[in-house]
Amino acid sequence: MRKMLSTIMMCMLMVSISSLAIADDPEEDCYWYFDEGNPENECELYCNNSTFENMSMAFNSSEECEECRLEFLDNQTEGNETEDPVDNETEKEIEKMKYSFGAEIRLLQLEKTIVKNLLKGEMAVSVLQGLGYNTTDLEAILAEMHLVLEEVQAADPQENNSVEVFIDLKNDSKNLTTQFRTTIRELLDGVKYKEIKEQIRNATSDELQNYSRRVRNLIKQFNVNQIYRLYGIIGNQTSTFVNDYLNGTVNLTQVKLQLMKIINMKTKEKRNQIFSEMKKEKIQNKNYAYGKAGDAKGNFSERHLERLRNRLDKANNSGNEKLIEKIQNRIKNYENSSKDKGNGSNNGNNGNGKGKGKK
Amino acid sequence: MEEMIDMDKKILSIFIILVIVVSTTVLYVTLKEPISKEDQQDFALGEYPTNEDISNEIDDTFLPENDEIDIGDMI
């Protein structure tokens with residue numbers, strides 16, 4: 001009797017242990033993460049939640065995260081400007097360039113962002129000059145940014161290579177912005193840096209507001225086209241609310257609600273069909289963006305070098321010594337790194353995937 | 001003999017405690033499992049899209065009027 005009971009007890013114990021193991025949720029993970037868009041933020045701990053789903057990099061410890069964050073900051077210098085020119089965000093932006101107004105919107109948005117950064121950069125420089133700092137390097141970066149702005153303004157959205165131009169110039173302006181930030185960071189201590197940052201945070205101008213208006217109007221045109229396209233899928237006649245949206249009587253949220261209402265009035269099968277059509281279109285857009293991004297990456301280095309040489313010509317004409325020197329150095333660095341890569345000695349650090357738990 | 005009976009009682013009480021522990025754990029597991037399976041089924045079937053699915057697709061079709069390109073901050 002005793003033997004039997006002890007065997008049963010042993011069995012029960014084993015069942016209990018294995019049940020506990022099953023009951024334990026393996027998904028209950030926490031990761032350290034830093035925001036690549038704003039790497040100056042400290043590493044933060046995220047546990048299994050919706051925010052975590054959107055992360056691109058995750059680390060098992062705060063030390064790993066901090067190490068990668070610092071490396072990431074270090075790599076945000078000139079030498080890093082030839083790295084992958086199409087990030088996820090840019091690829092998403094390209095998706096909309098498939099439609100009419102899409103390319104125009106993206107190029108105008110880029111122009112507006114450069115104008116905004118130039119405004120803030122120039123304000124920061126004038127504050128620094130007032131405080132007696134040497135701002136030659138910063139001014140040279142702004143001068144090159146002006147050249148990029150001219151290139152964006154000269155780009156034709158109707159041309160076949162408009163996506164390529166958008167990728168190239170967005171990449172250039174992003175690199176120049178990072179260079180400016182790094183340079184100013186080296187000039188100032190933490191307190192002064194924060195003070196100036198606060199001073200220029202809400203800087204705006206009539207020019208910038210004009211850009212915002214133009215972008216908004218173009219986006220409205222784009223959205224109206226999308227409404228017509230959706231009506232085509234739903235199979236309804238267009239109603240007057242398209243005009244109401246254009247006039248500003250109804251906003252985009254109301255338009256979306258109206259469309260939702262129309263779709264909800266359909267049968268389940270029709271709803272399913274509409275959903276499938278929308279999904280199909282989305283996949284086609286993703287494929288379009290993926291293809292264009294791949295094409296742009298193809299000869300990115302050659303195009304970059306060509307742009308730098310063109311800018312050097314313009315800098316020579318302007319006689320800006322610091323800018324000439326800066327571009328010449330970059331061309332030289334660029335050619336050297338290309339040579340290194342050609343020799344198979346890739347010394348560059350990609351700086352964006354050291355994390356063990358890269359998602 | 002009495003000692004034997006006393007021993008059996010002890011074993012029996014331990015056995016009862018074990019039964020309670022095991023049944024609680026098993027109950028916890030069985031209650032937890034169907035929920036996650038149900039979730040997975042909902043996701044996998046996708047026979048009819050929910051309002052949220054359709055709403056998300058509609059959102060993706062349009063561009064927010066305040067949409068901006070991010071190239072980072074100057075400072």
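Start with chain A on screen: 73% of its contacts with a separation of 6 or more are between residues 24 or more positions apart. Two residues are in contact here if their C-beta atoms, placed from the backbone, lie within 7 Å. You're looking at a predicted model, where local features need pLDDT of at least 70, side-chain atom pairs count only at pLDDT 80 or more, and totals for chains, interfaces and linings use all residues. For finding your way, residues are numbered from 1 along each chain as its sequence is written, while chains are lettered from A and ligands numbered from 1 in the order in which they are written.

**Color chain A by secondary structure.** You'll get 14 helices and two strands. Helices (H or I, at least four residues) and strands (E, at least two) are DSSP runs, numbered from the N terminus. Chain A has 359 residues, and 28% of them count as buried. Buried means that 20 or more other C-beta atoms lie within 10 Å of a residue's own; exposed means 12 or fewer, and partly exposed is in between, with C-beta atoms placed from the backbone.

**Select α11(A), residues 252-264**. This helix has 13 residues and reaches 18 Å from its first C-alpha to its last, close to the 18 Å expected at 1.5 Å a residue. (The expected span is 1.5 Å times one less than the number of residues.) Now show A:Val255, A:Leu259 and A:Ile263, which are buried. They sit on the same side of α11(A) because they cover an arc of only 75° around the axis, the arc being that of the directions from the helix axis to the C-beta atoms. What do the buried residues of α11(A) pack against? In chain A it's α9, α10 (241-247) and α12, together with α2 (51-61) of chain B.

The axes of α9(A) and α11(A) come within 11 Å and cross at roughly 5°. That makes α9(A) roughly parallel to α11(A); the label covers angles under 35 degrees, with over 145 roughly antiparallel, 65 to 115 roughly perpendicular and the rest oblique. Where they meet, A:Asn223, A:Ile227, A:Leu230 and A:Ile234 of α9(A) touch A:Leu252, A:Val255, A:Leu259, A:Ile262 and A:Ile263 of α11(A). This contact has eight nonpolar, one polar and no charged residues. Ala, Val, Leu, Ile, Met, Phe, Trp, Tyr, Cys and Pro count as nonpolar, Asp, Glu, Lys and Arg as charged, and the others, Gly among them, as polar.

**Click on A:Ser205**, in the loop between α8 and α9 of chain A. Is it buried or exposed? A:Ser205 counts as exposed, with 12 C-beta neighbours inside 10 Å. Also pick A:Leu119: it is 86 residues from A:Ser205 in sequence, but 8.2 Å away in space, C-alpha to C-alpha.

**Next, A:Phe101**, in the loop between α4 and α5 of chain A. A:Phe101 is buried, with 21 other C-beta atoms within 10 Å. Its phi is positive, about 75°, although A:Phe101 is not a glycine. Most residues other than glycine have a negative phi.

**Last stop: bring in chain B.** The contact takes 53 residues from chain A and 33 residues from chain B. On the side of chain A, the largest share, 11 residues, comes from α1(A). That side divides into 24 nonpolar, 13 polar and 16 charged residues.

How values were computed:
Axes fitted to C-alpha atoms, helices over the stretch in contact; angles between N-to-C directions.
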